[in-house]
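Hi,

Here is the structure I promised to send over.

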Amino acid sequence: MHYNRILLKLSGEALMGERQYGIDPKRLKEYAEEIKQVVDKGVEVAIVIGGGNIFRGVAGASNGMDRVQGDHMGMLATVINGLALQSALEDEGVQTRLQSAIKINEVAEPFIRRRAIRHLEKKRVVIFGGGTGNPYFTTDSAAVLRAIEIDADVILKGTRVDGIYTSDPEKDKNATKFDFISFDDVLSKGLKVMDTTAFTLSQENELPIIVFDMNRKGNLLKVVSGENIGTKVNL
């Protein structure tokens, strides 16, 4: 395998599948099967999932809710998604641990860096829930932070689009895809890969990002194998 330890970032919306909200069991099972293929190859896998399929703090704030309160609700939504993915992975026979930045000891371990690394070394999948534990930070920021803390080789951002384009390919038929692009070019072209805080943190720590289509069967294994799938952002 091209990468030994990865951090996979999934959006909460991805878990909806064809639904309008919540979790689609079919999509959850598909993701668990994809992750199992990589684990079976000996790759150490950590995962961060968003909570947008259940609640988004920013959306709540735009409707008059206190932003801090809304963000805490969003963090709890990521724990719910983490529990769902943990169950799906264990159904596939993959040992999994859920760690939360918010203490919910009855359902998840607290995030402890050394413990997380030890789980990974034992080939357990580690799911990080609860974001960073702080309001005003997205799950993109949580993904980059955790990836740096566990010394991951790369961040794999699984989306419904097969890479980074010059513009939104769902709206612009003339949009062209980048196979490789530098951090500086992403910023200068105003391309949206992650929020600015997360992207800058990744750049400062020289942590590459690969954006790829998680919904295409076999893509995760291809990316981890080093195939040119999606778009790689590097220095």
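Below is what I found, starting with how to read the values.

This is a predicted model, so to speak of local features I needed pLDDT of at least 70, side-chain atom pairs count only at pLDDT 80 or more, and totals for chains, interfaces and linings use all residues. Residues are numbered from 1 along each chain as its sequence is written, and side-chain values use heavy atoms, with hydrogens and water left out.

**What the record says**

UniProt, in an unreviewed entry, puts "domain: Aspartate/glutamate/uridylate kinase" at residues 4-213. UniProt positions are in the numbering used here, feature names are shortened, and annotations may be inferred rather than shown by experiment. Over residues 4-213 the chain is 39% helix and 20% strand, with the end C-alpha atoms 21 Å apart. Helices (H or I, at least four residues) and strands (E, at least two) are DSSP runs, numbered from the N terminus.

**The "binding site" annotations**

One "binding site" annotation from the unreviewed UniProt entry covers Lys9, Leu10, Ser11, Gly12, Gly52, Arg56, Thr159, Tyr165 and Asp168. They are spread over 160 residues of sequence and also in space, up to 25.4 Å between C-alpha atoms. Threonine 159 sits in strand 6 (residues 154-159). Its relative accessible area is 23%, so threonine 159 is partly exposed; buried means under 20%, exposed over 50%, and partly exposed in between (1.4 Å probe, protein chains only). Leaving out residues up to four places away in sequence, threonine 159 touches Val211, Phe212, Asp213, Met214 and Asn215. Contact here means heavy atoms within 4.5 Å.

UniProt (unreviewed entry) also places a "binding site" feature at Gly51, Asp71, Thr132, Gly133, Asn134, Pro135, Tyr136, Phe137, Thr138 and Thr139. Is glycine 51 buried or exposed? Glycine 51 is buried, at 8% relative accessible area, and lies in the loop between strand 2 (44-49) and helix 2 (57-62). Apart from neighbours within four places in sequence, glycine 51 is in contact with Gly12, Gly74, Ala77, Thr78 and Asn81. Phenylalanine 137, in the loop between strand 5 (125-129) and helix 5, counts as partly exposed at 44% relative accessibility. Not counting residues up to four places away, phenylalanine 137 touches Thr132 and Thr197.

**Two buried asparagines**

Asparagine 53 lies in the loop between strand 2 and helix 2 and is buried, with a relative accessible area of 3%. Asparagine 81 is in helix 3 (residues 67-91) and is buried too, at 0%. The residues touched by asparagine 53, not counting those up to four places away in sequence, include Gly12, Glu13, Tyr21 and Asn81. With that exclusion, asparagine 81 touches Gly12, Leu15, Ile23, Ile49, Gly50, Gly51, Asn53 and Ile54.

**Helix packing**

How do helix 5 and helix 7 lie relative to each other? The axes of helix 5 (residues 139-149) and helix 7 (residues 196-204) come within 7 Å and cross at roughly 20 degrees. Axes are lines fitted to C-alpha atoms, for helices over the stretch in contact, and angles run from 0 to 180 degrees between N-to-C directions. Helix 5 and helix 7 are therefore roughly parallel; angles under 35 degrees count as roughly parallel, over 145 as roughly antiparallel, 65 to 115 as roughly perpendicular and the rest as oblique. In this contact, Asp140, Ser141, Val144, Leu145 and Ile148 of helix 5 meet Thr197, Ala198, Leu201 and Ser202 of helix 7. Those residues divide into five nonpolar, three polar and one charged. Ala, Val, Leu, Ile, Met, Phe, Trp, Tyr, Cys and Pro count as nonpolar, Asp, Glu, Lys and Arg as charged, and the others, Gly among them, as polar.

Helix 1 (residues 25-40) and helix 3 pack at about 60 degrees with their axes 9 Å apart, so the pair is oblique. Here Leu28, Ala32 and Ile35 in helix 1 meet Ala84, Leu85, Ala88 and Leu89 in helix 3. The contact divides into seven nonpolar, no polar and no charged residues.

Most residues other than glycine have a negative phi. Lysine 123 has a positive phi of about 65 degrees although it is not a glycine, and lies in the loop between helix 4 (113-121) and strand 5. Glutamate 206 also has a positive phi, near 55 degrees, and is exposed, with a relative accessible area of 55%.

Cheers
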